[in-house]
Amino acid sequence: MKRRASPSLLGITVFGVAACTAPGLDHIGTHGDPADTSTTSATSGASEAAPPTTGEPGTSTTTGDDPGVTTIGSSATSEPASTTTDDPLAPPAIVEHELGPSPLQQAGPIDVAIGTVHADGVRMRIDDGASVELTVVGVDNFVGEIAVYTALDNGEHTATFVAWRDDLESEPLAIPFTVALPPPGSELFWEGDSAIGKGTVVALAVTPTHDLIELGTYYPQGQARCYLRRRDLGGAWGPGDLVELKPGLPCSAIDLTVDEDGALHVLADKIENGELRWWLGKIDAWAAEPANVGTGAVGDVARALATDNTRVAVCGTKPKAMHLDAAVWIFVPNAPGKSLSYDYMSNIDLPIRFTETPRDCGFLGDHLVLTGGMFGRHEGNADQTRHFLLDIDLAAETPSWLVAGKGPGSQSEAKALSIDAEGRIITGGHSCGDICEPQGELRLFSSQSEQLWQRTLDPSVSPPRAIAWHPAEYAVFASARNNAQDASIFLIQAWFPLGGAPAWTYEHQDGPAIHTATAIAIGPYGQIYAGGTTAGGYPALAFIAP
């Protein structure tokens, strides 16, 4: 699980002096509840930027060498009182610019470069949004970036630039640009074959150097083993990009994280000396021998992994008498790990014990939030499972519980969790009746763990297995659509919080067989990577247009 900055415009963020979000860009459109779509078209590459052409200020033209980059022309439509470099009282002016690619045809940046005279800075505004400062990179040279994360913002836009010095400003320079990304939910890449034999992708992560890391379980010679596979962001991998973890030991992959330095933390179950224990390893460089970070006791169960780039948390359960307690193991560099366990105490005045089973977790500042299912006698005489959030203040080591009541069924459970930069928590899971036939659902919570929204998914959609916030401010989850007996479709679906219909849906099926999406990761410009299992029981990987 990763936390990301949440831009005020759903898919366009402006970067200038610092990596900041341009506020107030909602004018491009609120996407509301768009129709559910599923396509399989591919993307095309973005054009490269051309060098700037120097001329007089005021006119935008397109260079003959590259129609995707707009630069200043040679005939001015207006001229400031003076633009001579030896006049200290002359007003600031923009004398050259470069913006591209346009049209932008894949999620990524539109680069901006502005040349000026007599200016201390340059402000950039997208459409009717707020202005941000560009970064100075030399005398009279300023640069910035317009990051586009989703095709939901396809269309024509305008970037307006104003050079300034003290209280003086130049004439505004308006440059149009076009966003033409592939339709959201369209397939950019698919791989599901027998290259490494049967198996499944359990977790995905994108490194700071833009490698996609895949953690999974596979079965060489029929024995369960854990593997890591490295790809570039085009999906390519070679012989040196596949490594086995804990070679020779029975192993089942659980979860994977990557920190801001590119170090991988890998969580897995292993059987060694006849004992089943969870194991946490750290890998600082590709194919390096993993360093042992921690190992669970026999009976401890690990189900999820989280990091805030300083601490790493393993989340799961510890046995206690006749039930299980929620448990976390916290690891920091150069210190022994710390184990914490928590047992929910009901307000009912009876000696009732509950079994808490966390399924996922994530850091929220100095807190760790866990979600899952709590089994016990919540009310009445029947034992039932209920969706819960456990918010742990790690400084005080104190818990705060939020346990769901009835609705829409008598039982519920969370399977996956993601937290955004505003502290909003979204969970994917299910609800059901006393006889549990799981119905997939999403729930949204505030940072104070107050439930804000609950949405039941289409009956054909299985409960989400993984979920992530996207920088375009929607949540995207991995699941499957059941369409026939012993057959299902690999499914990724995006939802805006409080929405009444999916923003888009991606589906893939290679014939009447079981297909399931179980893992999801978001790339540096909103690219969506999903993993799971395809026909024949082979690992599957899909790249999907945001």
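Is C432 buried or exposed? C432 is buried, at a relative accessible area of 6%. Buried here means under 20% relative accessible area, exposed means over 50%, and partly exposed is in between, with a 1.4 Å probe and protein chains only.

Before going on, the ground rules. This is a predicted model, so local features need pLDDT of at least 70 and side-chain atom pairs count only at pLDDT 80 or more, while totals for chains, interfaces and linings use all residues. Residues are numbered from 1 along each chain as its sequence is written, and side-chain values use heavy atoms, with hydrogens and water left out.

Back to C432. Its partner is C436, in a disulfide with an S to S distance of 2.0 Å. By disulfide I mean a pair of cysteine sulfur atoms within 2.5 Å.

How many disulfides does the rule give? The count is three.

Next, C226 and C251. Their sulfur atoms are 2.0 Å apart, and they form a disulfide. Strands are DSSP runs of E of at least two residues, and helices are runs of H or I of at least four, numbered from the N terminus. C226 is buried at 0% relative accessible area, and C251 is buried at 4%. With a torsion of about -95° about the S-S bond, the disulfide of C226 and C251 is left-handed.

That leaves C315 and C361, a disulfide with the sulfur atoms 2.1 Å apart. Here too distant parts of the chain are linked: C315 is in strand β23, residues 312–320, and C361 is in strand β26, residues 355–364, the two being 46 residues apart. Which hand does this one have? The torsion about the S-S bond of C315 and C361 is about 95°, so the disulfide is right-handed. C315 counts as buried at 1% relative accessibility, and C361 counts as buried at 0%.

With the bonded cysteines of the chain numbered in sequence order, the pairing reads 1-2, 3-4, 5-6.
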